Structure formats: C-alpha cells, structure tokens
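Biologist: I'd like to go through this model with you, term by term. What does each label rest on?

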Amino acid sequence: MSNIRVTVRRRATAAFAQGIAFGMGILTAGAFGAPTAAAQEELFIGGALSLTGIQAPLDEPTLRGAQVAVEALNEEGGILGKQIRFVNLDGKSDPATVGNVAVQLIEQGADMIVAPCDFDFGGPASRAAQNAGLVGISTCASSPLYGSAALGDKQFTASMWNTTMGAAAAEYAFKEKGWKTAYVVTDTFIDYTVTLSRYFIEHFENLGGTVIREDKYTQGAQDFSAQLNRIQNLDEKPDVIFISSYMPDLGTIIRSIREIGIETPIMGGDSYDDTGLFAALGEAHGNDIWFVTHTYMKEGVAPGMADFLEKYEEVHGEAPDTSFTAMGWDTVMIMAKAAEKAGSTDGDKMADAMEEMTFDLLSGKLDYSSAEEGHYPYKEGALVELQNGETSFIGWMKPTNPPAP
Amino acid sequence: MREILGRAPYLNTVLTLLVPLVLIAAATDAFGGTVQQRIVTTMFINMILVLGLQVYMGNSGIVSFAHIGFMGIGAYASAVLSMPPDLKAMTLRDLYDVLQPIDLPFWLAVTVGAGVAGVVAAIISYPLMRLSDAAAIITSFALLVVINDVLVHWSEVTNGPRTLFGVERFTYLWTSAGVAFAGLLFAAWFRESRVGLQLRASRDDRVAAQSCGVNMVFVRWVAFVLMCIYAAIAGALWAHFITSFQPGHFYLEEVFLILAMLVIGGPVSVSGAVIGTILVTLAFEGFRALEGYLNTNQVFGTQVFGLTEFLLALAMIGILIFRPAGVMRGRELRIGRRHRGGRGMPATKERAAD
C-alpha cells in the first residue's frame, strides 16, 4: 500500500519538475532569443490588427492595404533609407490580446504601431505604444476618444472623428435630401456606435431637423423585434432612419426593417462599408441606403487612387473591395511621411511633425490639431449610396460647424 | 490551537508549492522581458481565480461558473473607486455624483472591491446553497449571466458594453505573485480547517455528513463567499494590470480557461489548482508561440487561426478521458515522509469530486 503511494507521489513530483523545466526553458528562450540586433538595419512597423472575430471585417482589409503600402515604399528605398519590415500579430478582436500583442511587438523592436480600427479594440495597442514612447496610429478609429486626451500625446487616428462623420451624414440628409425628421437606432456596443449617433443627432438638430426618438440596441442580442415594432407603430413616419451599429448585427437589422416593407431611407457610418453587408442585403434589400465612409475605390476620387488600385491588384491579384484597404495604405504613408519629416522614428519628433504637417491621402486631406487640442483630425467624409446592392460615390462632404467632441 | 491552525501537513504542501513559484517569479523578474513578465503576472492572477474556485468547487464538489462574474464586480468596483476624477469625467460621463470625486489608493480600492463582491455574494448565494448537483451548476451559470447582464447594461458605472479606460496601472509581477502566495496559504489552510473538513465530508457523502451535524448550507455558503472574494481580488488586480477592459472579458471564455486550469490540475487538491494553472499557462503560451511561428513562416501556406483554443480544448478532453481526477489525482504535493498517523484525524483517501 505504501509502495503505491510513494510511486504516485514520485511520479507527480517528476511531472511537476518537468513542467518547471519546460517553463524555465520558455522564459529563458524568450529573454535571450528576442531579436534586437536585426532591428537596427531596418525599420520595424508592428501591427496589432485583428484577423479573427468581430473586428476582422474592418481590420483585415486595412492589413491588406498596409501590406501594399509597405511593398510600394520598399521598392522606392523604404523610410529614412531603411527597408521596412511589417509584422502583424492577430489581436483576435479582444482588447486584452491587442494590448499584449502590441507589447510583444514593441519588445521585438517595433518603431511604430499600427492600431486596430476602433477605440475599444484598438486603444490598448496605442496605450502600449504610448508607454514605450512610440507613435501609434489607428487605421480608422473614429471615436473622438481616439486622440491625445484619452490615449497620450503620441497617439493618432487616420480616420475622421465621429463629430465629422455624424455631422456629414446629418448635413447630407437635411440639406441635400431635405429630410426633416429622423429616427435613430443606436447600438450601445462600443464607443464608435454610441458617439456616431450622438453627433448625428446633435448636428441634425442644430440644422433644424427633428429627431423623433433614439432607440437602443445591443450587439449580439440578435433580436430586433422590439425596436422594429416601435418603428412600425410610429404616428409620424420619419424621413430617414439613422442606424449606428456594427456587422454582423447591422445586416440583420437593415434586413428586418426592409423585409416588413419599410422603404424609408437608411443612413449610417463607415461600418456599412463592408461587402459582407451588401451581400447580406442583396439586390432586394440593398436599396435607399446612404453612408459616410473614408473614401471610395474608384479612379479620380482622390489623387493617387489610380496608382493604389494598380499596386493593390499587383500584390493581391484582385481589386480592393472596401475603402478600408485605403486606410491601411494611408496609415503607413502617414508614418512614412512623418518619419521623413522628423528625420527619425523617435516618438516625440514624429508626433511633432505630424501635428505640423498636412497629409494628402487616398482618404482626402488630413490635418491634426496639437496634442493640447486632442489631435483632432480635420478631414472630409466620403458619401456613398447603395442601390440594388451596388454602391456608387456621391462626393466628399465637409460639414460646416460640426459639433465639438 | 490545532483547531485554528488545522492539521499540520498543509504547511508542508504550501512550502513545497511556494519554492518553485517563488523561483518562477524571481527568474521572470531577473531574466524575463516585458512579455514574459506580463505572462507570469497574468498567470498569478489566474492562479488566484483557480485557487478561489478550488476553495468552493474542490471542497464542495459543485462546479461553479459564477465566480467570473464576481471577478467583474471586483474589477469594476476597484477601478471606479481608484480612478482620478478628471479621467472619470472622460470615461464615465453619466457616473453618479456620489462616486465622481472618490479617489481611493490602490490597496484600499482592492479591499473595498473585494468587500462589495463578498457582500453581494453573501446575499445572493445563501438560498442557492441548498441546491446540489445539476440544479446547483445551472443556477451558478444563471448567476453568471445575470451579473454579466448587469455589467453590460449599467452604463452609469461600467460604461456599458464599451471599454472602461483610464484605470491606473498598479499591478506588477510581485503584486500578483504576493497575493497568489497568500491565497495559496489560505486555500491550503481552509481545506484542513473545521469548515473545510465539514464541507469535504458533505461532498463525499451528503447524507452521512448531515446526520453527523454538518450544516451543509452554511459550510457551502462560507466557501462560496470566499471564492467570490478570491475572484474579486483577482479581478481588481487584473483591472489595474490591463488598465482598460469591458464586461465581455468576464464571461464564458474566462470561465472556460479557469475551469480548464482547475480540472486539468485536479480540483480536489490545492496542489492541483497550482499545477493546473502552471501547466495550462505553459500550454497556452506554447500553442500561441506555435501559432505565431506557423503564421509568420507560412508553414501551411495559409494563416492558421484559433489553434490555441482548439488545442486547449483537446487537452482538456484528453485529461478527462485518461486522467479524470486531473494531473494531481486529488493528492497534495508534500516533501519528506508522510505525516505520521495517530495525530489528529487520519488522512482521508481523496477521490475526484464527482
């Protein structure tokens, strides 16, 4: 009896010892195996973009665009005479993972960080960059929190803020279309969805329009019937329904509205700019939808677009499917131009350069305010129309006196 | 005196486990880079959660999902109470005026967070403790869902489903390691304490234990509240480590990870909780490194996703098939000769809970 006990104990201790040895192995390998020397001859851009999960439909195209930009820059000699090495580690649409991945990239010697396309998901990457004194740029986060006030004086977003995006939608609806009443549906999911509605409502009311009601929805609920019921039973039919939500539920919401025969125009922000949504709506339901996004994938929309379309096709073998690809390109180009102007990849110098410069991008002109003013990105929104499941470009829209963040 | 300190061998177990744990922490501190430090810090935070789960689940034999909800309560309570007012104004626009100016020091905020979770747990859980078997498991799951729903919809305090940011970093390697060590000592003591022994007796034979005068509802309740306090402390440490988070973190994925750690290690012993945490952390990081290697080198010509979670789930199935009582099979690690019989109660032969 006692023999058996001894064996079990010994075996357990041995297993434990093996575990410890394995652990030490991993720890020491990590400590001594980290590449430090290689980082000197090349410029290392780290990306924490999510390739899986809810954020993937936005982040994955920006990654493709960024890769095209890196190849194009490397062909012309790189940045500051150094070849660019771009490594993206999957942030998995989990803020904690995004932060960890960014820390890992910085430890491997990243000089700047490309953060995911959203404040809630991308913020942790920028916080890691800020802690390490590096510039971090989100490809397309449009929450007004994405700036120096909430994240630090070296953090930027390549997107316009929702103050611009929401106001542009409101101005187009009220001035161009003459819609006077709006019904708003807000997904409380992330800061992007909440603030987009907030600034749409504020600007629409400033212009003289009436918001009948702001209804709430939470991503993942999968049941839109209560909200749908309220829309159906309105005494006064709205001229436009503004829906600020996110894929995949956005598709379900619009479909369920159209399926019961409500043909009221629908408006929204850049989360609509997703081929997945157009496919989900199809020809039958993809009608009378307008949204404000970053740019449009057609020659002549912005200077350099033809060049981008050509290079993109060279690298990926197909035409870009959404304007988010351009945001990846723009983010890398902002980094390249700022580093050239600053003459270094030092975070402070690059941030100073970015505050002074004006960027000419695929998504229009971009000007940042100072860190004290929050790194407000002065930009225009691109208006896109969806009819019969096909998109077309309406034009650029810069709202007059957009609301303050 | 022995009544308070419990039976002696647990100190041996604690010391046997502490030596390698201190070594891991010290080695990471001395040689590890930022990434290793973060991994080990997280491992110790998870260890607190697993130890807490062991206190209840291991000793009572009832699986619980609810503790991760209390991790959330601890995280939000301590974060909101310790956040500087100017940051609060930015991240929580609709916070109640009473809470707005409160700016507690870190340890006080952790204590209050744990206290809040403890009180909530004490009130909610008492009636649930009469339930056993499937009913108890289902209600603990329901409790997790309820807490998550509250966290998601109580926008004034939690910022709804969105990120709560602006939490200051206070938790470093030795903070989480120190608390985990204290948690280990307490869990090992509790197992041998009067209440712990009664709880284990009620796990092994409910009817016999009650006929001997064990107040099953009370002893379960004590362990449940203790588990929730463990979870809340871990949540508070985690909040001040990760500095921005949302309610989605305190849900099924985390439940699965912590449960996997305990089940793989062996839920019945404290050693099982510790070993399970270390093994799963190693496996998790190993798989993650493998996934990263496969993807950077394009081994399969395409990107591989979700390998980590997939392999972890496989490992759990494997353990449950080949070693259903976990790696430790319900035993405690001890150095030296077995505790001599004749003193105190004889060591009971432990089997896996259920």
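Modeller: Start with the domains. In chain A, 17 residues of domain 1 touch 16 residues of domain 2.

Biologist: What makes two residues count as in contact?

Modeller: Their C-beta atoms, placed from the backbone, must lie within 7 Å. Nonpolar means Ala, Val, Leu, Ile, Met, Phe, Trp, Tyr, Cys or Pro; charged means Asp, Glu, Lys or Arg; the others, Gly among them, are polar.

Biologist: What kind of model is this, and how are its parts labelled?

Modeller: The model is predicted: local features need pLDDT of at least 70, side-chain atom pairs count only at pLDDT 80 or more, and totals for chains, interfaces and linings use all residues. Residues are numbered from 1 along each chain as its sequence is written, while chains are lettered from A and ligands numbered from 1 in the order in which they are written.

Biologist: Where do the domains of chain A run?

Modeller: Domain 1 covers 38-160 + 298-374, and domain 2 covers 163-293 + 384-397. Those bounds come from an automatic or database domain assignment. Taken over C-alpha atoms, the centres of the two domains of chain A are 28 Å apart.

Biologist: Why do helix 4 and helix 7 of chain B get the orientation label they have?

Modeller: Their axes come within 8 Å and cross at roughly 30 degrees. Under 35 degrees counts as roughly parallel, over 145 as roughly antiparallel, 65 to 115 as roughly perpendicular, and the rest as oblique. So helix 4 and helix 7 of chain B are roughly parallel. Axes are lines fitted to C-alpha atoms, for helices over the stretch in contact; angles run from 0 to 180 degrees between N-to-C directions.

Biologist: Left-handed or right-handed, for helix 4 of chain B passing helix 7 of chain B?

Modeller: Left-handed. That label requires the near helix to be turned anticlockwise from the far one by less than a right angle; clockwise is right-handed. Helix 4 of chain B contributes B:Ile68, B:Gly69, B:Gly72, B:Ile73 and B:Tyr76 to the contact, and helix 7 of chain B contributes B:Leu143, B:Leu144, B:Ile147, B:Asn148 and B:Leu151. By class, that contact has 7 nonpolar, 3 polar and no charged residues.

Biologist: At what angle do helix 13 and helix 15 of chain B pack?

Modeller: About 35 degrees, with the axes 10 Å apart. This crossing is left-handed. B:Ala260, B:Val263 and B:Ile264 of helix 13 of chain B meet B:Leu312, B:Ala315, B:Met316 and B:Ile319 of helix 15 of chain B. The contact divides into 7 nonpolar, no polar and no charged residues.

Biologist: How do you know that strand 1 and strand 2 of chain A pair?

Modeller: Pairing needs at least two DSSP bridges between the strands. Strand 1 and strand 2 of chain A share 6, in the parallel sense. One bridge links A:Gly47 to A:Asn88. The open sheet has 5 strands in the order 2-1-3-4-5, with parallel pairing.

Biologist: What makes strand 2 and strand 5 of chain A edge strands?

Modeller: Each pairs on one side only. From one strand to the next, the twist averages 20 degrees. Helix 4 of chain A packs on the sheet, touching strand 3, strand 4 and strand 5 of chain A.

Methods. Helices (H or I, at least four residues) and strands (E, at least two) are DSSP runs, numbered from the N terminus.
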